[in-house]
Amino acid sequence: MPSLFVLANPKRFLDLSATLLPYLGGATVLCLGAGIVLGFLAPPDYQQGDTVKIMFLHVPAAWTAMMAYGLMALASLVSLVWRHPLADVAAKTAAPLGAVFTLLGLVTGSLWGKPMWGAWWVWDARLTSFLLLLFLYLGYIALWNAIEDETRAARAAGILALVGAVNLPIIEFSVDWWTTLHQGESIFRAGGPTISGVFLWPLLLSGAGFTLLFFSLWMIRIRTEILERRARVLLLEGAA
Amino acid sequence: MTPLASLLLRDIRLATRAGGSAALALAFFAAVATLVPLGVGADLALLARVAAGVLWVAAVLAALLSLDRLFQADFDDGSLDLIALAPPSLEAIAATKIAAHWLTTGLPLTLLSPLLGLMFGLPPQAIAMLTLSLLIGTPAVSALGAIGAGLTLAIRRGGLILPLLVLPLLAPAVIFGAGAVGAVLDRTSSGALLLLAAFSVAATLLSPFAAAAAVRLNLAG
């Protein structure tokens, strides 16, 4: 009965996550709520005015998007080395979340860029490397969807995630190098040498909130995927 | 003849003879380069400015076009199973196939590029730099492309997914390759060519392992 083996560990995960999820969800609401409320109450920046408040969504989204790729690559490594089925599921379910956070970072960056740079899109180093990150995520998701056999898809996607993880710092470096070569655009970032406390606290709270949100959603997605696979196994057994 | 040498010769023969993709990639490269002036106008100063970027992008796309044949044709007719059973490791086989792909696409593209550079109004030093950057950089295109080719092996119409997987990984090659030519046009010195060489060497050395792992998982079972 290979299906029992596959479900052996996920069972424990289902129990554990069922206990953890309410706390995780509560902490998410608290942190994110406090971060956003404090962010709205923060005074306008002396240079950027009220638009600085986009930062409380933009920066945490970008942090979370990068963290998600790191976690996805880590889960892929575990999946490739130890063939752990739960790691497969973890890597697979992290990708769409990471892509959404990347997209959120890009959209908020664009909305921030319009008043600051006077253009919806500026080929700034971070925006550009984030666009490439989005394509890495999309490629990963497309590969998962294209291969029908689940274990084969997991291993192929795992290799791609690791290749991407090795390449990401190089891509980031090359894009940084590229923007210094093409200087002369209206790239000025205010923010000053240090960030003052009235901005730092909402930012940190919002960052914690986004991180917790990611982990909550990730857990829900892993649970859903496990239950879906279980349902599929039951259907197959019923059909046989 | 050693097994790897005969594999190299076999792949080169397959690519250059009737139905092969080497000549098609060259034609594609030239056709894309021809469309660009039609799109942006015939101003030679402007064309010289964008030449390096356009030719690099066109070269990458042309190399990608023939990538799905790297493992796919052998996979479809079953010869890849036999090749994988041969004494050399799958990593060495992947490296050999990458070399064959480069010799039949990257190298011809490089050799054609001075002519296109001339037509785009590049000065002689910039043409030399363009050719040199393509010579150094195109092995990375074949090598990273081989990973994508291996991963999409068992997918029907995998050729559509392949560019999405590989193009983001090739951003550094395009940046450094076109950047090296741009620096020559601006008469400034830049480390672009050295960075491109570093990227290319690392990609060429590491990719056969990832490509072999990708092929192996598609052959198993």
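**View 1. The largest nonpolar core of the predicted model.** In this predicted model, the largest nonpolar core holds 141 residues, and those that touch the most other members are A156(A) and L160(A) from chain A together with L55(B), A59(B), L170(B) and A214(B) from chain B. The largest share of this core comes from α7(B), which supplies 14 residues. In soluble globular proteins, nonpolar side chains tend to be buried together.

**View 2. The surroundings of A156(A).** Leaving aside residues up to four places away in sequence, A156(A) touches L143(A) and I147(A) in chain A, and L151(B), A214(B) and L217(B) in chain B. Of these partners, A214(B) is, like A156(A) itself, among the core residues that touch the most other members.

**View 3. The side of chain B that touches chain A.** The contact between the chains takes 20 residues from chain B and 23 residues from chain A. On the chain B side, the elements that give two or more residues are α7 (124-151), α8 (162-166), α9 (171-185) and α10 (192-219), and α9(B) gives the most, with 6 residues. Sorted by class, this side of chain B has 18 nonpolar and 2 polar residues, with no charged residues.

**View 4. G33(A) in helix α1 of chain A.** G33(A) is found in helix α1, which spans residues 2-41 of chain A. Because 13 other C-beta atoms lie within 10 Å, G33(A) is partly exposed, given that a residue counts as exposed at 12 or fewer and as buried at 20 or more. The C-alpha atoms of G33(A) and D50(A), which are 17 residues apart along the chain, are separated by 19 Å.

Terms used. Residues are numbered from 1 along each chain as its sequence is written. Chains are lettered from A and ligands numbered from 1 in the order in which they are written. This is a predicted model: local features need pLDDT of at least 70, side-chain atom pairs count only at pLDDT 80 or more; totals for chains, interfaces and linings use all residues. Two residues are in contact if their C-beta atoms, placed from the backbone, lie within 7 Å. Helices (H or I, at least four residues) and strands (E, at least two) are DSSP runs, numbered from the N terminus. Ala, Val, Leu, Ile, Met, Phe, Trp, Tyr, Cys and Pro count as nonpolar, Asp, Glu, Lys and Arg as charged, and the others, Gly among them, as polar. A nonpolar core is a set of buried Ala, Val, Leu, Ile, Met, Phe, Trp, Tyr and Cys residues joined through C-beta atoms within 7 Å.
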